[in-house]
Amino acid sequence: MDAEHGEATAGWWNVCGIVGWAAYERDLTSEQPTVQAMTDTMACRGPDAEGTWLRRHAGLGHRRLAVIDLPGGSQPMTREGTDGGDVGLVFSGEIYNYVELRDELRRRGHTFRTDSDTEVVLVGYLEWGAALAERLNGMYAFAVWDDRDERLHLVRDRMGVKPLYYYPTDDGVLFASEPKGILENPLARRVVSLDGLREIFGVTKTPGHGIWEGMREVEPGTVVTVDRNGARAHVYWRLTAVPHTDDRDTTVARVRELLDDIVARQLVADVPRCVLLSGGLDSSAITALSAGRLARDGEQVRTFAVDFVGQTENFKPDAMRDTPDTPYVHDVAEHVHSRHEDIVLDAKTLADPDARRAVIRARDIPAGLGDMDKSLYLLFKAIRAHSTVALSGESADEVFGGYRWFHDEQVQRADMFPWIAQFARYRGNRGPGAMNADLMRRLDLVGHLRARYAEAVAEVPTLEGESEHEARMRRISYLHLTRFVRILLDRKDRMSMAVGLEVRVPFCDHRLVEYVFNAPWALKTYDGREKSLLRGATADVLPRSVVERVKSPYPSTQDPRYAAELQHHLADAIAHGAPGLEGLYELDALRRMTKLPLEQVSTPDRMAMERALDIATWLEMYRPELRLS
């Protein structure tokens, strides 16, 4: 990258799918069919090419999505170590500072055969070992098998933008970008226990928990090393508390400086690019900065937004959303002169069982977000016909303190995850609707969440001399950056990679996260609003309507015909038996929901029907063994 603009020379980036198997008591050279089957599950993540590499005690598989399509980036990528023995790498993601790293490695005497960032990671490992991770700026998940000491290293980026799971076996480990890659191996059992169900229903994400019994998730900012003695984890990055000494003007200027550099780096691609535009401050800021950067090269930014039939005309403010998105989307598109397209979805398309199946297949779990998951999937699918790379405003709320509950004193003082405290108020403290009462007692979601909350709070870094209020807001920010954001990043990654679309998240650059995390809450709200620093840093490139708009979350359809579709599909599922559903739900309660007049279907009712349909679809597709005792 050049010092001023962060420009990169052409390279080959791999936002793809990886799998692998390390086994110390068997010869894996005879396991090509199994490694290939595991690799095939990643076809959506990498539709352009594939490869496998087997050694006696290791097998690696890779599916490729070409973003900068040069030869020489094929994977698995291998090199012979300086002291003999092969080293193999499978890599998914992007290294935004790979040009600087390549220059440093050349000064250290290394040579390169390709222009790919993948080779920089491989050569960087040969130079620095697994400590290479500390030098990387990007979103990535990769695995290195080193024949020299028969060790496997699993590495994940600092914020957890790219997923990576592993499953210890009797003599080694299985790993993959997604659980489905691991579950394809006969050694992995498709078992979900009460702990797994607690993760599914708990609206939080316990670090390292893989939902499926025996499966783990490589935590963000962590290297997991596997050898004959088992697996051990090393944390190479975590949020820390340091004094913030910059004044307001300097802080705002520094945020803008970082965003300019981050956006410039993340716009590099040799394939069509676009920006996801919702009309909120976050996506509008990324759109405007992208438009300015591209205009310097004579290019026009392309933008896409999701909308629903009749949503703007019939919009009714609710507890979460004061305004529809589309008018603000169009203000931004006109302001920056983007080439814009609205992806407009109707109720029947949103409720299509095939769309639900695609979402469940992508996420591997019944997340229960219903139309918000399906509309995101359908948006990404439509975008993929035009673009391969999209920039997103995801994570700005967690970084800058954008959610409404950040600013609610009652929620601030709650002894619980803030989003759950807010959700409980919104739902009137009701648990998941129509769930089997005995199962709910065994799950004890309240006890589970209290325990997870206590664990999370115990991690929060402290700063000597900080006021009680500032310490409380630091705690809330930490909870969002280490728990809540991971739910959203996982959703974003799965929905986008299911259609072969790479979505980049500029607000997850660790330099920005570290800097803003340590800015006092008084600075983050200096204008009496949410996300003051982001607003101050980008107001000059945004239309006034967006600068003044109140935070609005990802849209959800208000069309009553969607609820009618849910009722129809759920009634049909119950009538046809819905295997396993009766053990999790009170079917009579679900039946009553399917017969309610549309005007009586509440938001909690709709959410309950969504979750039940997701559960029924998941049970049919994955056939998990549920251990409910």
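Q: How are Asp 438 and Arg 441 placed in helix 16?
A: Helices here are DSSP runs of H or I with at least four residues, strands are E runs of at least two, and both are numbered from the N terminus. Asp 438 and Arg 441 sit three residues apart in helix 16 (residues 437–443), so about one helical turn separates them. This is a predicted model, where local features need pLDDT of at least 70 and side-chain atom pairs count only at pLDDT 80 or more, while totals for chains, interfaces and linings use all residues. Residues are numbered from 1 along each chain as its sequence is written, and side-chain values use heavy atoms, with hydrogens and water left out.

Q: What do the side chains of Asp 438 and Arg 441 form?
A: A salt bridge is a side-chain nitrogen of Lys or Arg within 4 Å of a carboxyl oxygen of Asp or Glu. Asp 438 and Arg 441 make one, at 3.5 Å from N to O. By this rule the count comes to 64 salt bridges.

Q: Is Arg 441 buried or exposed?
A: Buried means under 20% relative accessible area, exposed means over 50%, and partly exposed is in between (1.4 Å probe, protein chains only). Arg 441 has 61% relative accessibility, so Arg 441 counts as exposed. Asp 438 is partly exposed, because its relative accessible area is 36%.

Q: Which residue forms a salt bridge with Arg 494?
A: That's Asp 364, with the closest N and O atoms 3.1 Å apart. Arg 494 belongs to helix 18 (residues 468–497) and Asp 364 to the loop between helix 11 (353–363) and helix 12 (371–384), so the pair ties together parts 130 residues apart in sequence. Arg 494 is buried at 2% relative accessibility, and Asp 364 is buried at 0%.

Q: Where is Asn 518 found?
A: Look in the loop between helix 19 (510–517) and helix 20 (521–524). Its relative accessible area is 7%, so Asn 518 is buried.

Q: What does the side chain of Asn 518 reach?
A: For polar contacts, look for a pair of N or O atoms within 3.5 Å; within protein, one must be able to donate a hydrogen and the other to accept it, and residues adjacent in sequence count only if both atoms are side-chain atoms. The Asn 518 side chain reaches the backbone oxygen of Thr 240 at 3.1 Å, as well as the backbone oxygen of Glu 514 at 3.2 Å.
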